[in-house]
Amino acid sequence: TWERYDWFYLDRPHAYRTDTPVRAVISFYLAIDDHDIPGAYGLLSSALRSAQPYEAWAVGYVTTLAVEVGVVHEIARSGGTARVAAQVVSYDNVDGRVVARLWDVEWTLGQTENGWRLESATAELLDEWELKYYRR
């Protein structure tokens with residue numbers, strides 16, 4: 001089964017919840033899907049942001065048309081560190097074609113005074129296909 005997270009109300013600006021590790025991961029992908037790349041970058045840990053400046057990091061999302069996240073669940077927690085697994089479908093414009101990719105992603109998050117922040121991720125590509133028709 002697959003659940004898909006999306007905004008119930010389209011009012012902006014959106015509030016990205018980070019009070020739990022799961023909500024922080026969902027918020028990250030909702031920000032990317034909403035093309036709020038600065039908002040997604042703000043959900044990364046300060047160490048991750050200092051390792052890669054915004055301009056260099058944001059280039060990775062230039063061709064992203066949409067992102068869906070589902071099957072999000074916490075798999076471990078110890079003190080102020082948690083691991084969250086999710087499946088992500090990304091839709092990218094690749095030379096004028098829309099390519100969908102299904103990823104199995106695992107995030108490590110750290111708890112801060114401002115909520116949970118994404119520290120590092122591993123991603124495994126599970127499937128890739130071209131969409132003959134794409135409507136957003």
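Contact is taken here to mean heavy atoms within 4.5 Å. The model is predicted, and local features need pLDDT of at least 70, side-chain atom pairs count only at pLDDT 80 or more, and totals for chains, interfaces and linings use all residues. Residues are numbered from 1 along each chain as its sequence is written, and side-chain values use heavy atoms, with hydrogens and water left out.

Glu 128 is placed in strand S4 (residues 115-131); strands (E, at least two residues) and helices (H or I, at least four) are DSSP runs numbered from the N terminus. Beyond its neighbours within four places in sequence, Glu 128 is in contact with Val 99, Ala 100 and Arg 101. The side chains of Glu 128 and Arg 101 make a polar contact at 3.2 Å, that is, a pair of N or O atoms within 3.5 Å, where within protein one must be able to donate a hydrogen and the other to accept it, and residues adjacent in sequence count only if both atoms are side-chain atoms.

The structure holds 6 aromatic pairs. Rings of Phe, Tyr and Trp (its six-membered ring) pair if their centres lie within 6.5 Å, with planes under 30 degrees apart counted as stacked, over 60 as edge-to-face and the rest as tilted. The Phe 28 and Tyr 29 pair is edge-to-face because the planes stand at 80°, with the centres 5.1 Å apart. Tyr 41 and Tyr 54 also form an edge-to-face pair, at 5.3 Å centre to centre and 80° between the planes. Tyr 41 lies in helix H2 (residues 37-41) and Tyr 54 in helix H4 (residues 54-58), so this pair ties together parts 13 residues apart in sequence.
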